[in-house]
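Here are some notes to read alongside the structure, written for someone meeting it for the first time. Keep the 3D view open as you go through the points.

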Amino acid sequence: MTTTYTKEELILKAENISLQYDKLILRDVNFEMHNIVRPGMHQGQVLSLIGRSGIGKTQLFKIMAGLIQPTTGTVKVGVEQQPVKAGDVGVVPQNYILFNHRTIMQNLEQGIANARVKKSAKEQEEMIKEYAAHFDLTDHLKKYPMQLSGGQRQRVSILQQVLTGNHFILLDEPFSGLDALVIDRVVELLLKVSTLDELNTLVIISHDIENSLAISDSAFVLAKEKDKEGATITQKLDLIQMGLAWDPEIRTKKPFIELVNQIKYML
Ligand SMILES: Nc1ncnc2c1ncn2[C@@H]1O[C@H](COP(=O)(O)OP(=O)(O)O)[C@@H](O)[C@H]1O
Ligand SMILES: [Mg+2]
């Protein structure tokens with residue numbers, strides 16, 4: 001199957017990122033993402049940044065979110081390519097930050113309150129209800145976060161970011177701490193988010209090779225190079241060119257399974 005698509009304007013660029021604490025964590029990290037357009041499709045882009053535990057993924061997540069400053073380099077986002085500041089991109093941290101003393105509805109209202117495009121109270125409520133249905137949260141709107149499972153809380157956290165209207169959403173380890181069936185639903189949901197709007201862009205930061213690759217159109221490996229300090233991008237995979245993107249049956253395909261195994265040895 002061939003899919004026609006074009007790579008258009010630059011929407012994210014990480015340039016010469018390094019991060020030094022008492023030791024060098026990240027070294028010379030460079031990558032970019034383009035808006036991908038498929039005729040007749042509402043198709044956002046999904047990038048995975050894959051690396052083993054402790055390699056520096058969460059630090060890179062915070063740099064891309066504008067939450068910490070790198071020692072050198074810049075991250076620029078959006079078609080305007082401005083240096084990223086906190087609040088410019090949606091973030092779903094590993095430990096979702098919900099207000100425990102507020103209901104799910106109130107937590108979601110918080111998401112909309114931060115939206116760039118302001119809406120009337122009635123429009124807000126309708127939008128929350130419509131999305132809650134997509135996210136399978138309708139029955140939980142009156143509950144408090146502690147009354148929900150980990151998977152449900154994660155859906156609330158992702159929905160909060162979608163409701164802000166932000167096109168960029170960064171997710172740190174979205175598959176960890178969830179059981180296999182719940183992971184399948186998260187995968188489905190992320191795919192749904194990526195097709196809500198052509199400019200929606202998801203960056204998945206994860207050590208879970210298979211689940212990350214299964215929904216991505218590109219994947220970068222963050223790893224250490226022999227005898228060098230600090231992690232850098234050691235592989236850039238264009239899954240579209242490899243014929244491994246946008247295929248719901250991808251997990252059963254031999255080239256995909258082989259790629260997952262190859263990446264295991266790169267981490
Ligand atoms: N504030 C900090 N000061 C010093 N070292 C830190 C700090 N935060 C994280 N680190 C170190 O940075 C490295 C990468 O951490 P992290 O980005 O959380 O890894 P990952 O998310 O890939 O598991 C670890 O060795 C960690 O101990
Ligand atoms: Mg981490």
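**Notes on charged pairs, cores and helix packing**

1. At 45% relative accessibility, K228 counts as partly exposed, so it is a handy place to begin. Please keep in mind that this is a predicted model. The side chain of K228 meets that of E225 in a salt bridge, with 3.7 Å from N to O. E225 is partly exposed too, because its relative accessibility is 32%, and the class runs between 20% and 50%.

2. D227 and K226 join their side chains in a salt bridge, at 3.5 Å from N to O. Are these two residues buried or exposed? Both D227 and K226 are exposed.

3. Now turn to D247, which forms a salt bridge with K253; their closest N and O atoms are 2.6 Å apart. D247 counts as buried because its relative accessibility is 17%, under the 20% cut-off. K253, at 35% relative accessibility, counts as partly exposed.

4. The largest nonpolar core has 33 residues, and F135, I158 and L190 are the ones that touch the most other members. Two or more residues come from each of the helices α2 (104-113), α3 (121-134), α4 (150-163) and α5 (180-196), and likewise from the strands β7 (168-172) and β8 (201-206). Which of these elements gives the most to the core? That is α5, with 6 residues. Domain 1 (6-89 + 167-266) and domain 2 (101-165) each supply at least three residues to this core.

5. Leaving out residues up to four places away in sequence, I158 touches V92, F135, L171, L189, L190 and V193. Apart from this core lies another one of 31 residues, including I25, L26, L47 and V84.

6. Why does S157 count as buried? Its relative accessibility is 2%, and buried means under 20%. With residues up to four places away in sequence not counted, S157 touches V92, Y96 and L98. V92 is also on the list of residues that I158 touches.

7. Helix α4 also packs against α2, at an angle of about 30° and with the axes 7 Å apart. Their crossing is right-handed. On the α2 side, the residues in contact are I104, N107, L108, G111 and I112; on the α4 side they are V156, L159, Q160 and L163.

8. Finally, α2 packs with α3 as well, at about 115° and with axes 10 Å apart. The crossing of α2 and α3 is right-handed. Here M105, L108, E109 and I112 of α2 make the contact with Q124, E125, M127 and I128 of α3. As you compare the two helix pairs, look for L108 and I112 of α2: they meet α4, and they take part in the contact with α3.

Note on methods
Residues numbered from 1 in each chain as written. Chains lettered and ligands numbered in written order. Predicted model: local features only at pLDDT ≥ 70, side-chain atom pairs only at ≥ 80, totals over all residues. Heavy atoms only, no water. Core = buried A, V, L, I, M, F, W, Y, C linked by side-chain atoms within 4.5 Å. Buried < 20%, exposed > 50% of the residue type's maximum accessible area, 1.4 Å probe, protein only. Helix = DSSP H or I, 4+ residues; strand = E, 2+ residues; numbered from the N terminus. Domains from an automatic or database assignment. Contact = heavy atoms within 4.5 Å. Salt bridge = Lys/Arg side-chain N within 4 Å of Asp/Glu carboxyl O. Axes fitted to C-alpha atoms, helices over the stretch in contact; angles between N-to-C directions. Left-handed = near helix turned anticlockwise from the far one by under 90°.
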